[in-house]
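Please read it beside the sequence and the model.

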Amino acid sequence: MEKLSLDKFEEAAERVKEVTLDTRLVYSEYFSNITGNKVYFKPENMQYTGAYKVRGAYYKISTLSDEEREKGLITASAGNHAQGVAYAAKIYKAKATIVMPTSTPIIKINRTKGYGADVVLYGDVYDESCEYAKKLATENGYTFIHPFDDLDVATGQGSIAMEIIKELPTVDYILVPIGGGGLATGVSTLAKMLNPKIKVIGVEPEGANCMQVSLREGKVTTLPKVNTIADGTAVKTPGSNIFPYIQENIDDIITVPDDELIVAFLDMVENHKMVVENSGLLTVAALKHMDVSGKKIVSILSGGNMDVITMSSVVQHGLIQRGRVFSVSVLLPDKPGELLRVAKVIAEAKGNVIKLEHNQFVSINRNAAVELKISMEAFGMEHKQEIIDALKAAGFNPEIIAASF
């Protein structure tokens, strides 16, 4: 474990400045208030490539010989490491091939191609893409750049810890997302070198907690499957080369269910005007799982490469989860004025109708012949219930249905 040294971290921290933006810490009054801590964000979603991954990729490629770069570079990635390698390869004028899972969002594919890399879509998850990339490397003589199980890559990622501690020397906790473990290795190892009192907490999706299971088993363990919306951390097997560093330097692992990531997305958009991808939201959602108060906590926002379709879906599901939008169905008599009566009840309860579906032919019983589906906006769960109660008090029998807007 002697290869990760302070000298190397310092070298990497200087070198990555050539390709990174200065992502200064952002204080969150909103999360500080609701957690009782002083919460800061390290906004790596604001990097030129949209994620921290360019740090490790650039540093790794900078350490290669001219011959290794001239052979051509290849890697596997769900998107952010892909862009980091493609961007770094472009700077070094090296050919790059990226193998990406078939489920990779289009925005990540297009941006990777935009940096001049060739993209190959293969496999349902990262692990399958990685095996295929290694196969292509062997067949074509390419130099393989592992996205996380590489000590040079991890050293480059550790530059984040250097920046955090320089800006906030009194930080108590650093929350770091974990997929395969490269970022967590670099950040935790350097943080402990600089100040052993700093606690570094890894955060994984509940449906892809390969590092938590591996730490529990005391060895690198492969999950039978992964299932999470956090595609950037959907890894079945953590890195074996970096695992000893994780064992030594990560203080704890928090797992987060997908539905909390959806709510965290809304929190970041509404309170910080930031777009953060699902994997980057892990450390935001984890704040509510921290059983501490009065501490200085930094959450690393690892990336912001979310495609618009996914973004739209996450917003809709988030609004539904919080009771901000909902739909009901009511049956009305087939006579004039009933629609107006329903609208008046909703208006008096301060509900905002956003969609109506009026079907006059659901029944031949004219006393309940019209089905009215109403989608509306509320302030939250409490207000939603007030609107439903008002409809019931007015003699309607509202039935909650799947929201449609």
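1. Helices (H or I, at least four residues) and strands (E, at least two) are taken here as DSSP runs, numbered from the N terminus. Helix α6 is followed by G116, whose phi is positive, near 100°. The model is a predicted one: local features need pLDDT of at least 70, side-chain atom pairs count only at pLDDT 80 or more, and totals for chains, interfaces and linings use all residues. Residues are numbered from 1 along each chain as its sequence is written, and side-chain values use heavy atoms, with hydrogens and water left out.

2. In α6 (residues 106-114), K108, I109 and T112 are the buried residues (buried: under 20% relative accessible area; exposed: over 50%; partly exposed: in between; 1.4 Å probe, protein chains only). Because these buried residues fall within an arc of 100° when seen down the axis of α6, they line one face of the helix; the arc is that of the directions from the helix axis to the C-beta atoms. An α-helix has 3.6 residues a turn, so residues three or four places apart point the same way. The face of α6 turned away from the buried side carries the exposed residues I106 and G114.

3. The buried residues of α6 pack against α5 (80-91), β4 (96-100) and β5 (118-121), where contact means heavy atoms within 4.5 Å.

4. Leaving aside neighbours within four places in sequence, I300 is in contact with residues including K42, I160, P177 and G280.

5. The largest pocket has a volume of about 300 Å³, the space filled by probe spheres set on the points, which are joined across faces, edges and corners. Its lining comprises 21 residues, of which S103, P105, T228, I229 and D231 lie nearest the centre.

6. The second largest pocket holds about 260 Å³ of space. Of the 15 residues that line it, A13, K17, D22, E163 and K166 are the closest to its centre. Helix α9 supplies the largest share of this lining, five residues.

Technical notes:
1 Å grid on protein atoms, 1.4 Å probe; cavity = no way out; pocket = protein on both sides within 12 Å on 5 of 7 lines; lining within 4 Å.
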